[in-house]
Amino acid sequence: MIEALIQEIRAGGAVVLPTETVYGLFAKALDQDAVDRVYALKKRPRDKAMNLNVADYQSILAYSKEQPRGLKALYDAFLPGPLTIILKANEQVPPWINSGLASLGFRLPAHPVTRRIIQEVGPLIGPSANVSGTESGKQFSTILTSFDHKVIGYADDHALTGQDSTILDLSGPKAKILRQGAITQAAILEVVPDLVFEAKNHSL
């Protein structure tokens, strides 16, 4: 089954894969047609950027620039896991991934099957497996129905927590938590005590 999913991705298709939180709809990030297919399946607005799912720390460095101090410590503490880190994007990032923005979100899913596929195929986009505007995909059978069975995937409902990842924006002068998930600001500050957050995030 895993080989079939890898072949589907390499052929430009989209597949449903589990992360440690919810299911994602994954496709080859450097293939514009594949990314377009995910946008169409999700009915997602084109100005809403995608995250880049990568295999390791070196891949984060390969697609970002001006990395902040403490990034490696955060990686070692929380990744792979339920944390999305937004950094400044470099010139290697195609505009169809991040909608031409100056920043890019990085994700390293912890599920072993999804990690293996990313390691074999290369960087993938992997937004939540749901039609835009609906709840993040948590049950495999429901997800396939929502996409009219136009995609294949790997079922593992039992591994999911159902809680979205924390989104930590480190692309500006001060850190921001754009979405609170399993990893809290307090936990982040335990790893990087000198990280300065915008004042409005102090209550998180």
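**View 1. Helices α1 and α6 pack against each other.** Helix α1 (residues 2–10) packs on helix α6 (residues 112–121) at an angle of about 45°, and their axes lie 10 Å apart. That angle makes α1 oblique to α6. Oblique covers what is left after roughly parallel (under 35 degrees), roughly antiparallel (over 145) and roughly perpendicular (65 to 115). Axes are lines fitted to C-alpha atoms, for helices over the stretch in contact, and angles run from 0 to 180 degrees between N-to-C directions. Helices (H or I, at least four residues) and strands (E, at least two) are DSSP runs, numbered from the N terminus. The crossing of α1 and α6 is right-handed, that is, the near helix is turned clockwise from the far one by less than a right angle.

This is a predicted model: local features need pLDDT of at least 70, side-chain atom pairs count only at pLDDT 80 or more, and totals for chains, interfaces and linings use all residues. Residues are numbered from 1 along each chain as its sequence is written, and side-chain values use heavy atoms, with hydrogens and water left out.

**View 2. Residues where α1 meets α6.** From α1 come Ile2, Glu3, Leu5, Ile6, Ile9 and Arg10. They meet Val113, Arg116, Ile117, Glu120 and Val121 of α6. Contact means heavy atoms within 4.5 Å. By class, the contact of α1 with α6 has 7 nonpolar, 4 charged and no polar residues. Here Ala, Val, Leu, Ile, Met, Phe, Trp, Tyr, Cys and Pro count as nonpolar, Asp, Glu, Lys and Arg as charged, and the others, Gly among them, as polar.

View 3. His111 sits in the loop between β6 (103–107) and α6. Is His111 buried or exposed? It counts as buried, at 6% relative accessibility. Buried means under 20% relative accessible area, exposed over 50%, and partly exposed in between (1.4 Å probe, protein chains only). The side chains of His111 and Asp156 are joined by a polar contact of 2.6 Å. Such a contact is a pair of N or O atoms within 3.5 Å; within protein, one must be able to donate a hydrogen and the other to accept it, and residues adjacent in sequence count only if both atoms are side-chain atoms. A polar atom of the His111 side chain also lies 3.2 Å from the backbone nitrogen of Val113. Not counting residues up to four places away in sequence, His111 touches Pro18, Thr19, Glu20, Tyr154, Asp156 and Ala159.

**View 4. Asn53 in strand β3.** Asn53 belongs to strand β3. With a relative accessible area of 2%, Asn53 is buried. Beyond residues up to four places away in sequence, Asn53 touches several others, including Phe26, Arg107, Pro109 and Ile118. Asn53 and Ile118 are 65 residues apart in sequence, yet 7.4 Å apart in space, C-alpha to C-alpha.

View 5. A cis peptide bond joins Leu79 and Pro80, with omega about -5°. Pro80 lies in the loop between α4 (71–78) and β5 (83–89). Lys43 is not a glycine, but has a positive phi of about 55°. Lys43 lies between α2 (32–42) and β3 (52–53), in a loop, and counts as exposed at 62% relative accessibility. His149, not a glycine, has a positive phi of about 55°. His149 is in the loop between α7 (140–146) and β8 (152–153). His149 is exposed, with a relative accessible area of 55%.
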